[in-house]
Amino acid sequence: MKNTQLLTSLRYVLLGALTVTTSVVQAESIAITNATVYTVAKKGVLSQATVMVDEGKITAVYSNNEVPESLSADTIIDAKGRILTPGFIATYNLLGLIEVGAVSDTHDSSDKKADITFDASLAFNPKSTLIAYARKGGITSSLVMPYGGEDVITGQSFVVNLSGDFDSVIMPKNAVIASLGATEKGSRATKLQTLSNELEDAQKALTKAEKASSKKGKEDEEDEEEKEAKEPSRSELVLNGLLSGEKPLIAYADRATDILALLKLKQKFNLNLVLAGASDAVLISDEIAKANVVVMMSAIDNLPSSFDSLHNSLTNVAKLTDAGVKVIISNSGESYNINQLRFDAGVAVANGLAETSALAAITANVADSFNLNSGRIAVGKNADLVLWSSDPFEISTKVDAMWINGKAMSLKSRQDALRERYTAETDMPRAYTK
Amino acid sequence: MLKTSLPRNLVTSNSKNKLTNKLIRQSISQFISKKTSFTILTTVMLSLGLTACLPNEKQDPKVGINKNPYPSTYQALPAISTLLTNATILTGTGERLNNADILLVNGKVTQVGNDLLAEQATVIDMTGKWITPGIIDVHSHLGVYPNPQVESHSDGNEMTSPNTSEVWAEHSVWPQDPAFQAARAGGITSLQILPGSANLFGGRGVTLRNVPSETMQGMKFAGAPYGLKMACGENPKRVYGSRKVLPSTRMGNVAGYRSAWLAATEYKRAWDKYDSDYSAGKNSEVPKRDLALDTLMGVLDGEILIHNHCYKAEEMAVMIDLGKEFNYHSGTFHHAIEGYKIADLLAANGNCAAMWPDWWGFKMEAFDMVEENVAIVDAVKNSCAVVHSDSATTIQRLNQEAAKVMYRANDNGFALKEEDAIKWITANAAKSLGINDEVGSLEAGKNADVVVWNMNPFSVYAQAEQVFIDGAKVYDRFDEKYQAKSDFLLGQQLDNHVSKVVTQLENNSTTNAATKPANKK
């Protein structure tokens, strides 16, 4: 069985098979019984619970005393008391947009020409070797945040699942990314002004268009050509998405003054704001909490890496959470080892964060901030689930099983194939061990 | 007589014409053997620009190379005799002692075992705690690539020539790097600061004690051998290839190493000859000093250890042979991502391999990572597997870096225990740095570098609670008195937030160590 799985994963990874091969069970309906379920939802933590999955969605979550006497499912899995969590959601990485850091041909995350319309999801590679490896850390989906262009607004993020399938992109262009703060050339003030001006111009254009359309309603049809001219540009459409709150604005900023300026912009333009980086957010945690703004930050960056980040600390996630801020624990630019997100959450717990808050910081908080139908174990949610050998944050723990949209995932990566090759008994050169 | 009769300019070396010198030396011995008169000899020597002298002449003062011009001024912090009791102790020698005690006296470990008695010592009950040797990182850039990461302090790599053996990382160390304190809070007691990897020869590394100091010398590990940073692979060929300077290929890399070792071999021969001639009473010409060659000669003399940034199996194999070609040991391979492919070769040749548990992908030479690399290298007899950080972040959790290897390996057929894995960040690291006689394990006579952990250090929740260097407490998680702070952060970092959470943690900690007076048991 083990060998079959390995061969399967080799074929899958090395030959780039288009679909997961038949040895991976693809059940239509699943019952996971006798699990300790961390729902990250109203039901909290349930022991000896059962989760039902059908057609890729969670159809029932039964606590111990609610489990029906007979369960009907194509596959029934006895969790034997092990922990079942929602799949973890990575953020702030370049997954599928980069293969080898020092090989520029394999980079698709930035472009000089990129502007607010930049849609890097078109470049997403679901067959990247980084994805199978990330799954080993219980990651089932990711908010990918490309570098984009050189303007203040660098482009747009997108959301993928980690199935490795060609239809992995769940939400293209789901949020706009802006980059503020310290700059080698020029002043940070210009960046803030540019962002503010662009929003203001878009709002003015919208108001004007609204007036025009209400005027148009009163009068008879205007000249067709003039109407064409008022059609908003692609950039304006994206800005309008920000102004309507439809699209979140993810803004990188570390220094408290930049964050405060962003909070003002949020208030003025009614933005759906998410702060990224936010090293010194802890200085103004009450203001951020009051503004109901989500903070996406590293749990392990604790050094004063710049004059904007003098208050980086291992306790920042806990402090912000205590102050009532919704925090997302992010990978902070890391792409190769995003499977370590669970350890980062563990470090946050060791430094004062409640375990349930840490779990929410890599599941439900991401889903809530970006309107994803995942991150919780609740009826109707995508069946992105992870069964763990023990405490998900512990180093000794491993992923025992994973489902994305109800489909069982391979937990083997290229790294496993290499290990198997170099630990196998053989008299022949290793190249013959496949 | 000869000395005074020879013009000063003739006493300088004439390295451009070694053949002529050789012929001259031969003719001298011929003259001497024939007992030719001094007058004739003097004339011949003057006419040929002769440099060597006769045995019975008056010798100039012996010229030597000061091998320690920037000596350590490190002094252990104030210490008291301490008996730590009832802990789980990982000795670093492969042993785990349960419910055990350790006695620290005069900066040394004097006893490790069960039910120890110590009349004069302060006894601290460590029930529930784990004790390990001080953690050692063989690959760090703290102080030379410090935080904040500003250009003004970016002093880790002299990227102006493929061979900068003349530079010493210690001359770039900024002791106020706040990362030293953060590393101390993670149990780091000794660390090697290396130059970067852009050059074939990056210069000397220095091993430091992780104590706060205003000077580099105040941190310097007295007696620790210097390291020489070498680099294989992509970095040197990229940096210099883009400038159209050798090397632009891996074969260019190796040609660069070989040329340098050739020059070093000549240099060493010149100094050895000077020394032996001088011992023989001759007033020999002093070889011209060359800082770069001083360092390489130190390697050939076995005094400086090689620390070689080298990821790939085939390159490590070449570097091993390069060492044999020029008669030095190829030392420790750093970032040995492909160590697992040649684990037998590394062990057979006595190389340490310093590795990350799981960094990969950022370069082609880092593409073939396996999470069990350290364990596979370690599994061979006489191996020396080390877990290193190369990071101001992960240096703070080297225990967890080792844990990742141990658990992933055990998921895949290994049966490693905590007492095995701790060696990768203590005893084996000390061996790599040539300081294993003093540190790296908890045995009687070793320096009292000790970390007390709140729990099994291979847990993600583990915290170093107390750290001792040479028996002196240098860090205490629950006592601000033992939490040093960099000048840089003083007066501009607001503390109130930090202390709040730590106080909470302290209140929550039911197993906080209680200090009580002596005469236990």
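**Residues 278-408 of chain A**

I started with residues 278-408 of chain A, whose end C-alpha atoms lie 36 Å apart. I read 27% helix and 15% strand for this span. Helices (H or I, at least four residues) and strands (E, at least two) are DSSP runs, numbered from the N terminus. UniProt, in an unreviewed entry, places the feature "domain: Amidohydrolase-related" on these residues. I note that UniProt positions follow the numbering used here, that feature names are shortened, and that annotations may be inferred rather than shown by experiment.

This is a predicted model, in which local features need pLDDT of at least 70 and side-chain atom pairs count only at pLDDT 80 or more, while totals for chains, interfaces and linings use all residues. Residues are numbered from 1 along each chain as its sequence is written, and chains are lettered from A and ligands numbered from 1 in the order in which they are written.

**Chain A overall**

I counted 12 helices and 16 strands in chain A. Its radius of gyration, taken over C-alpha atoms, is 24 Å, close to the 22 Å of the globule rule for 434 residues, so chain A is as compact as a globular protein of that length. The rule is 2.2 Å times the number of residues to the power 0.38. Along the principal axes, the C-alpha atoms fill a box of roughly 75 × 55 × 50 Å.

Next I checked burial. A residue is buried if 20 or more other C-beta atoms lie within 10 Å of its own, exposed if 12 or fewer, and partly exposed in between, with C-beta atoms placed from the backbone. Buried residues are 53% of the 434 in chain A.

Then I turned to contacts (C-beta atoms, placed from the backbone, within 7 Å). Of the contacts in chain A with a separation of 6 or more, 69% join residues 24 or more positions apart.

I compared the length of H6(A), residues 256-269, with expectation. At 1.5 Å a residue its 14 residues should span 20 Å, and the end C-alpha atoms are 20 Å apart, which agrees. The expected span is 1.5 Å times one less than the number of residues. Buried in H6(A) are Ala256(A), Asp258(A), Ile259(A), Ala261(A), Leu262(A) and Leu265(A). Asn270(A) follows the helix with a positive phi near 60 degrees.

Ala278(A) also has a positive phi, near 55 degrees, and is not a glycine. I found it in the loop between strand S11 (273-277) and helix H7 (285-290) of chain A. Ala278(A) is buried, with 33 other C-beta atoms within 10 Å.

**The sheet in chain B**

I traced an open sheet of 8 strands in chain B, in the order S6-S7-S8-S9-S10-S11-S12-S13, with mixed pairing. Strands S6 (135-140) and S13 (385-387) of chain B stand at the edges with a single partner strand each, so one side of each has no neighbour in the sheet. Neighbouring strands are turned by 25 degrees against each other on average, direction ignored. Strands pair if DSSP finds at least two bridges between them.

S9 (residues 227-231) and S10 (residues 305-309) of chain B pair in the parallel sense over 5 bridges. Gly227(B) stands opposite Leu305(B) in S10(B). Helix H11 (residues 398-411) of chain B packs on the sheet and touches S6, S7 (188-193) and S13. Its direction makes about 130 degrees with that of S13(B). Axes are lines fitted to C-alpha atoms, for helices over the stretch in contact, and angles run from 0 to 180 degrees between N-to-C directions.

**Hairpin S2-S3 of chain B**

S2 (residues 96-105) and S3 (residues 108-113) of chain B run antiparallel, joined by 5 bridges. Gly113(B) is the bridge partner of Asp101(B). The hairpin has 2 residues between its strands, and Asn106(B) takes a positive phi near 50 degrees.

**Loops of chain B**

I looked up two cis peptide bonds. Asn147(B) to Pro148(B) has omega near 0 degrees. Pro148(B) sits in the loop between S6 and helix H4 (178-185) of chain B. Leu246(B) to Pro247(B) has omega near 5 degrees. Pro247(B) lies between helix H5 (234-241) and helix H6 (250-279) of chain B.

His335(B) has a positive phi near 60 degrees. His335(B) is buried, with 26 other C-beta atoms within 10 Å.

Last, I checked Ser459(B), in the loop between S14 (450-453) and S15 (464-469) of chain B. Ser459(B) is buried, with 21 other C-beta atoms within 10 Å. Leaving out residues up to four places away in sequence, Ser459(B) touches Glu394(A) and Ile395(A).

Notes: Contact = placed C-beta atoms within 7 Å.
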